[in-house]
Amino acid sequence: MLLRSRGGQPSGPPGYGLSLFYGGRLPAFRCGPRYGRSAPTRGVDSTLGRSRSDLVWFIGKRLLLLIPLIIGVTAIAFILIRIAFPDPCVIWVGGHAKSSAIAACRAAFGLNQPIVAQYFIYLKQFLAGNWGVSPGGIPVATSIAEYFPATLELVITALLLIVLVGIPIGVIAAQSSGRWPDHLVRIFYLGGWATPTYLGAIVAVIFVAPYLGLPTSGMYSHSPPPFPQPTHLSVIDALLAGNLPYAGNALLHLLLPAATLALLNMGIVTRMTRSSMLAVLPLDYVKSARMKGLSEFLVTYKHALRTALISTTTVLGITVAGLLSGTVVVEEVFAWPGLGQFAYDAITSSNVPGTVGAAIIFTIGAVAANLLADILYGVLDPKVEWR
Amino acid sequence: MTDAPVLVVDDLSVDYEVAAGRFHALSNVSFEMLPGRVTGIVGETGCGKSTLAHAIPGLLPSPPARIRSGKVVFQGTDLTALPRWKLPTVRGTGIGMVFQEPLNSLNPAYRVFDQVAEAIRVRRLREKGAVRARSGGGPFDYSRGPATTPTSTIGRPFLPGGPVEERMRSPPVRSPEIRTEVLEALRLVRINDPETILRLYPHELSGGMRQRIMIAQTLAERPSLLIADEPTSALDVTIQAQVLTLMKELIDEIRTSILFISHDLGVIAEMADDVGVMYAGRVIEFGPVASVFEHPRHPYTRALLRAAPDRSKADGPLESIPGSVPSLARLPGGCAFHPRCVYARPNCGENPGPSLRPVDPADPLGHRSACWYAAEIP
């Protein structure tokens, strides 16, 4: 039905006629923000800036992306291990067993099916919590639940050391670019980056540990500790039990493996921090921060590093992946009862379910770390839209 | 104006030492700024204007730049002699600066509010123990004349926490008091909807808007000296006009001392009270704008003014200055301009070159020129 106004003329759609010229607020001096990224039809006040609900959506979208990613990477991990152990039944049943026994074993474990079907069977069981049983009779899920927290503790401590040491030395290198502190830092991180993990770990045990008087084996000097281990995080467990001497002891045991892991993986973080600080330091907004009257410390760490960190976060995910793979060797050398040691033992004892389980947990860990880095990047860089 | 000058630049020489050689970016620059006056610095690209602007608050990056001689005396303190860690105490509330590139001069990672609030917080921390009597008037009451930096704050760098008493003096960043001041600061630069703007990040704003915020942030600290280093050169022509109008209005409102740097003679003529003309790293003429622009007493100033387009003149080719600007690595001896000067005489190339001398010996702080034959310029 056509509405008619008093003049007898059909009224157009609202906001069309005169409002085309009068509708917007157009004061003389309004040179407003650029609405480049959002549709100009949206209201000014509601869409500018990023809101908390946008952040939830941003994180949610990335979490959804995690599902196909995990299916993909775990498939690759599963297939690679199947290639490494083409027929575990031969190992399990024994080389001299009857072929009928081997065939029965294959049928029992579903090994006569195509590898893709095997993967989906495994995935189904994995999701149901049935991760297979190690030859020793212990369920893989139980072992991983026990070993993984120790690895987590090691990796998080190493990451903390990288952030607290690797980033500041990158800043110092950028500030003294071309002078001796810069060269010293470069030798430090390139040396760490170029050293193979096994070599670095062994050097730490043989040469560094006795010099510093640090323990090199296990989580506590006296294992098992006289208190329950609900979290399997050595320091946390001791603190929960209120046993401070044990907590200190656990911290000392944690220090050297974590420092070794951190030092060997610090390279990209330091380098990235240095190069992005070099790009940021001569910019005008660093000068204008200085001209505000801020101390050099605030200029560097509140203004310059804040933007330089945006590019550093992109490599943090890669670094965590490096730390996770480094644990396999470092945990073995330092007798750290973590997932790396479990994986090493599983591989050397042809424990296929254990190997697959550990590999998949490592993969998920690396993917999750990259996801976190991705989210952190989006939070740190205001130019990333949360839509 | 018989007050003591707010800034005295005395015989300042700055070199850039790079692999290609040593560049004399500034040679024996001397001038003084009286409180409440706008001093323009004009010159071609590469004549040392920006170096001068950066040298005053000690912003020059130290490995390539080296202060060869001279002093920068700000409110009685020689900034070149001040240890590096004390410089922050002079910046902000003492000397504020607006940069050429508005696109880069705000930190992309912080919202407008946080950046302006930070400046206000620095000022509030310094105001502790200030001699300024504050009664009546809004937060932006400049009618009492330019603010003075309380000498007690010199030598006390602004550190994250500061002593407890100082922290108690300055309200936290999120307090309504600071918010009101931020809104005031944004309104001062004619931003119509500051409530919206302060939530935005710099990349969501246009170049002109960012320059306004930069100006707001700098003025929020109420500096005794404001250095504006070509604040409009990087903007579109229409926005340039808006920002210039704004600055002109602000000059009348805040009555602080301003060092206004530009390559645009017209802008300087409109904004400044005094003008210094720079050539090849030297100030070759200095004096009140009207006197310098109407009766230039240096051949370079005269040639520069004749080269500027003038609508009142008939069409025809613009005049140009013969030759080209000398390299700062190999300056000619004597007067740096003599190879291009139509009035040059044989002794113009002899060392030492002329320094600024009053045109009228009776007025030593008036119109000055660095030409041996200043009196003979037609």
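In this predicted model, helix α15(A) is followed by S350(A), whose phi is positive, near 55°. The helix itself covers residues 339-348 of chain A. Its buried residues are L339(A), G340(A), Q341(A), F342(A), A343(A) and A346(A). They pack against three other helices of chain A: α7 (140-175), α14 and α16 (352-380).

**Domains of chain A**

Chain A is divided into two domains, domain 1 (52-127) and domain 2 (141-380). Their centres, taken over C-alpha atoms, are separated by 30 Å. Domain 1 of chain A gives 14 residues to the contact, and domain 2 of chain A gives 13.

Which elements give two or more residues to the domain 1 side? They are α3 (52-84) and α4 (88-93) of chain A. The largest share, 11 residues, comes from α3(A). By class, this side of domain 1 of chain A has 12 nonpolar residues, one polar residue and one charged residue.

Elsewhere in chain A, L199(A) lies in helix α9, residues 197-212. Is L199(A) buried or exposed? L199(A) counts as exposed because it has 12 C-beta neighbours inside 10 Å. L199(A) is 122 residues from A321(A) in sequence. In space the two are 19 Å apart, C-alpha to C-alpha.

**Chain B overall**

Chain B has 378 residues, of which 47% count as buried. The chain holds 10 helices and 12 strands. Take the contacts in chain B between residues at least 6 apart in sequence: 69% of them join residues at least 24 apart.

**The four-stranded sheet**

Four strands of chain B form an open sheet. The order is β2-β1-β4-β5, and the pairing is antiparallel. At the edges are β2 (21-33) and β5 (77-78) of chain B, each pairing on one side only. Strand β1 of chain B, residues 7-18, is joined to β2(B) by nine bridges, and the two run antiparallel. Within β2(B), E32(B) stands opposite V8(B).

**The eight-stranded sheet**

A second open sheet in chain B has eight strands and mixed pairing. Its order is β6-β7-β8-β3-β9-β10-β12-β11. The edge strands here are β6 (95-98) and β11 (357-358) of chain B, and each pairs on one side only. Helix α6 of chain B, residues 207-219, packs on this sheet. The helix touches β6 and β7 (225-229) of chain B. Its direction makes about 180° with that of β6(B).

In the sheet order, β8(B) stands between β7(B) and β3(B). The table sets out these two pairings.

| Strand | Partner | Bridges | Direction |
|---|---|---|---|
| β3(B), residues 38-43 | β8(B), residues 257-262 | five bridges | parallel |
| β7(B) | β8(B) | five bridges | parallel |

L259(B) in β8(B) has I227(B) opposite.

How many residues of β8(B) are buried? Six of its six residues are, so the strand is mostly covered. Both faces are covered. S257(B), L259(B) and I261(B) are buried on one side. I258(B), F260(B) and S262(B) are buried on the other.

**The largest nonpolar core**

In soluble globular proteins, nonpolar side chains tend to be buried together. The largest nonpolar core of this model has 177 residues. Which members touch the most others? They are V116(B), A216(B) and L259(B). The largest share of the core, 15 residues, comes from helix α14 of chain A, residues 296-333. The core also draws at least three residues from each of domain 1 and domain 2 of chain A.

Two of these members link back to the elements above. L259(B) is one of the buried residues of β8(B). A216(B) is in contact with V116(B), A185(B), L186(B), L188(B) and V189(B), leaving aside its neighbours within four places in sequence.

Methods
Residues numbered from 1 in each chain as written. Chains lettered and ligands numbered in written order. Predicted model: local features only at pLDDT ≥ 70, side-chain atom pairs only at ≥ 80, totals over all residues. Domains from an automatic or database assignment. Contact = placed C-beta atoms within 7 Å. Nonpolar A, V, L, I, M, F, W, Y, C, P; charged D, E, K, R; others polar. Buried ≥ 20, exposed ≤ 12 C-beta atoms within 10 Å, placed from the backbone. Pairing = 2+ DSSP bridges. Axes fitted to C-alpha atoms, helices over the stretch in contact; angles between N-to-C directions. Core = buried A, V, L, I, M, F, W, Y, C linked by C-beta atoms within 7 Å.
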